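Visitor: I'd like to learn how to read the features of a model like this one. Could you take me through some of them?

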Amino acid sequence: MPWDGQARRRYEEEVLAAARVNGVPDDLFTRYGIDARLEQRLRASPEEFTDHVTGMCAYWRGLQGKRRALRRVLVDLVAAHGRLDREGALTHAHFQRVRREAVERARREWADIAGSLTTAVLDRDTLRSMTGSVGITETEAERTLTDRGVRVVDHLPELPAAPPIRTFRTLRDNLRTRGVAFSPMVVFGEERLARGFTVLDGFRLKGDDGRDPGGESTLSDAALTAAARRVQVEALTDGKSAAENVLSILRAGGDSSVRDALVLWEVVSDLRDRPAALTETGMVRHWVRRGLDEHEALLLAAAVRRSDTGADPAAHAEQDVRALLADHQLRQAQAAAVDLPGDHEFHARLRERADRVEELTAEAERHLRSDEREEAARALAAAVDIAADDDVLAARLGEVEPLPPRGAAARVDGHHVVVSWQPSPSLAGSVTYRVARRTGRGGSAREVVVGEVSGTGLTDDGIPVGSEARYTVVAVRGGRGVSTAVSTPAVMITPEVANLRVHAGERVVTASWRPPAEAVRVEVLRAEGAPPRGLGDGVLVETEGDGFRDGSVRADVEYYYRVRAVYLTSNGQARGSTGLVRRACPGPRPVPVGDLEVAPGEGTGFVASWTPPPRGRVVLRVGPRRPAWPPGQEVGADQLAGFGHEVLAEPETGSDGRARLPVVLGAGAHHVLPVTVVGDHTAVGEHVRITAAPPVRDLRAERFDTSVRVGWTWPGEATTAVVTWRPDTPRVDDDARGRAETAGELRLSRRQYASEGGFEARVGPGAVRVSVRIVVPSGTGESVSAPVTVAVPGRAVLDYHVASAGLLGRDRVVSVTAEHACDMPEIAVVHAPGPVQPHSAEQGSVLATLPSGRLAAGESVSVRVRPPKTSGPAWLMCFPLGADVRSVRLRQPSVKELRL
């Protein structure tokens, strides 16, 4: 041990000597003399950790013959060390777990204690005495109290045991006659005191400037003289006489220190007369309203409650008995009741509870004689609920054997075994479950207790690798009564091989691994197309202990290899691990792509093209940085996964034999890397750096008959844009000429855009999609941005005319003509009398309706109507009907044709 003499003496005084009183420390780091600095060094070296704890045990053994006073402690330490060693718990991880559990347990216990406090102020000595048995640091304990509204102070004030003057009763009678509760009220008045005062360090008034407006803030002679002058001018009443008597008593007390003590006694005596059921806050509420500093008031209340302990034995005995009965501590309550009067009601209550305990105990004895163990346990548990401090009852309950748990099972989880079970039907008392591990068979079998828990599961991380083990679970009641055991089927930890690597060449597959030390051999199975499930499914491959070389494979065939470690159980049977599966596809090396090109495309931003290699497939990956591998290098899949993202699309091969794949790139510089994949081999090609321009923003479009006006916000310093429009729903004209709807593309500068107020193009009446891309120069020519697209609905453009007809010209012929092929909606011919031209069909009467239908370019439809006679001017107009009137525009003829 790297200790000097001073450190050894400190350990013997602080740990070993303290253990004579408090027992062996629960914290294993403290027990083994490992401070924070030593722990940091031992954590990094398991070997040094083992050397230290072994050396400590040797040190304890050596001290046994030298320090007789510490002999019992040293024997206990050595025995505890042996138990930890047998359980495999002499590890840094176990020490940390014990410390964490102790800290959490201490926090929970302290939280319960803090929650049960009835005080708002606690002195530090009391806090230390409370935390000493809990095992929590003083700082953390104080933080918990602060969170619960309890203030910790260094010391509570010392309270006077008697009034400082003999005339205190006379003073109190005169205060009652004056109608005030406090002598300083006579001196300064209730209103002035309500602004605040203190009493612990002498009476002091508080205020905006810390002084009374009259010039005094203490019970000085000058303050008493000023008060006497104010009282002197009052009318002669009993109250005036009482005030003069109060001032005389204060003046007769002598100097200000006696007056300060008298004022303090007034507050303390009043607090002592408050009901004991009040909390400290309730005790001081009226004093705080009078102006007493709240912090001082709570300190005084806490001190009064502490000093009153033991003042009245009968009253305190009553409180103790009531509290003990509430906690079901019957035996302690019986002992505390000795100080109660003989006729006190608690004596009858205690006898009633004691008789009930005797009845339940007798009932339990009858059930035990009839071998009704659970009924006996329930009776004893009910008795323990009444007398929880009766150790004999608790011991008798613990001796009753519980029913066993059910359905125990064990499963392997990595290098651990998880044991689970269903709980015991026994509910009476405290039931825990003890789990033991049994390894080996016959005379060489060994059983070790793994742990004891209150739940229904436990993880065993100490089972040896390659050893077959069975687990037994028993229910334990009260730490004594043990049920019959239930067992699990045998389990065995069979680790897989480590560092498995499989490499596929052109005509051979090789592999390497590191076998587990406990394995007797490693088996390899090979299958085509799917992983082999086990022996009998696949071909057994000959191994060389830590690898294999399989030359019986064919090129371009997908093989799966299952590599598993084989172990021997205690009865000599072989048991294998599940096995690790690896895929291998032998074949020629991939040919890298050396002619990748990335150029601006239509609609997608960019198009990548390359000459397909003779074998395999090519995938593209796009990353923000230059790839670290030279062209032609084979790279593993895990390395490639760290380079950008894969373009998830299938390329198409053109008539020129080159493969093409659309690539959408965000704004900025990108590196496009082609990767040739053949079986398990991947080879990177020559990458291409491309810069994508930022896209436009706020793209908007508005239709004007057969034209569309487009506007957008230019990004940064961009100066050129390409506008593309395509039909959204291509249609063949009714004349079967096969002419498609209008499509086009135009390049314009930012200056043109600004001078023309946007961009406008004739697109026809059909629905179109307009895309805008930004073009910027780059080192390889030009780069374009990702397209931003907007859909523009179509609009049918129709012309209509009104002509006179008939002998007298009273009839009118209304004809509608399509400028382009379109779907004509239903059109109403409306007559509207009056001088104002109508703007909708609702403003007149419908004379006729032209049915909806498909019109070819230049085709017309007409209808003949006779408008009604009117005495004044009138109008004959056409309006489209239907839900979407915006999809058609009717161009009106001259006003001369429309006016009747």
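Guide: Gladly, and let's begin at a helix end. D390 caps the N-terminal end of α21, with a side-chain oxygen 3.1 Å from the backbone nitrogen of V392. A polar contact is a pair of N or O atoms within 3.5 Å; within protein, one must be able to donate a hydrogen and the other to accept it, and residues adjacent in sequence count only if both atoms are side-chain atoms. Helices (H or I, at least four residues) and strands (E, at least two) are DSSP runs, numbered from the N terminus.

Visitor: What should I know about the model itself?

Guide: This is a predicted model, where local features need pLDDT of at least 70, side-chain atom pairs count only at pLDDT 80 or more, and totals for chains, interfaces and linings use all residues. Residues are numbered from 1 along each chain as its sequence is written, and side-chain values use heavy atoms, with hydrogens and water left out.

Visitor: Which residues of helix α21 are buried?

Guide: Buried means under 20% relative accessible area, exposed over 50%, and partly exposed in between (1.4 Å probe, protein chains only). In α21 (residues 391–398), the residues L393, A395, L397 and G398 are buried. Their cover includes α18, α19, α20, β10 and β11.

Visitor: How many aromatic pairs are there?

Guide: Rings of Phe, Tyr and Trp (its six-membered ring) pair if their centres lie within 6.5 Å; planes under 30 degrees apart count as stacked, over 60 as edge-to-face and the rest as tilted. A search of the whole structure finds 17 such pairs. One of them is the tilted pair of Y32 and F95, at 5.4 Å centre to centre with 40° between the planes. This pair links distant parts of the chain, 63 residues apart: Y32 is in the loop between α2 and α3, and F95 is in helix α6.

Visitor: Why is the pair of F49 and F95 edge-to-face?

Guide: The planes of F49 and F95 stand at 70°, with ring centres 5.1 Å apart, so the pair is edge-to-face. Here helix α4 (residues 46–63) supplies F49 and helix α6 supplies F95, 46 residues apart. F49 counts as buried because its relative accessibility is 3%, and F95 because its value is 0%. F29, Y32, F49, W60 and F95 form one aromatic cluster.

Visitor: Which residues have the most contacts inside the largest nonpolar core?

Guide: A nonpolar core is a set of buried Ala, Val, Leu, Ile, Met, Phe, Trp, Tyr and Cys residues joined through side-chain atoms within 4.5 Å. The largest one has 49 residues, and those with the most contacts inside it are F182, V187, F197, F203 and L300. Helix α16 (294–307) gives the most to this core, with eight residues.

Visitor: And how do I read strand pairing?

Guide: Strands of a sheet pair through backbone hydrogen bonds, either parallel or antiparallel. Two strands pair if DSSP finds at least two bridges between them. Strand β24 (residues 617–623) joins antiparallel β28 through seven bridges, and G623 stands opposite H671 in β28. Two bridges join β24 to β25, also antiparallel, with V622 opposite H645 in β25. Six of the seven residues of β24 are buried, so this strand is largely enclosed by the rest of the structure.

Visitor: Which strands stand at the edges of the open sheet?

Guide: Four strands form an open sheet in the order β22-β23-β27-β26, with antiparallel pairing. β22 and β26 stand at the edges, each with a single partner strand, so one side of each is left without a neighbour in the sheet.

Terms used: Contact means heavy atoms within 4.5 Å.
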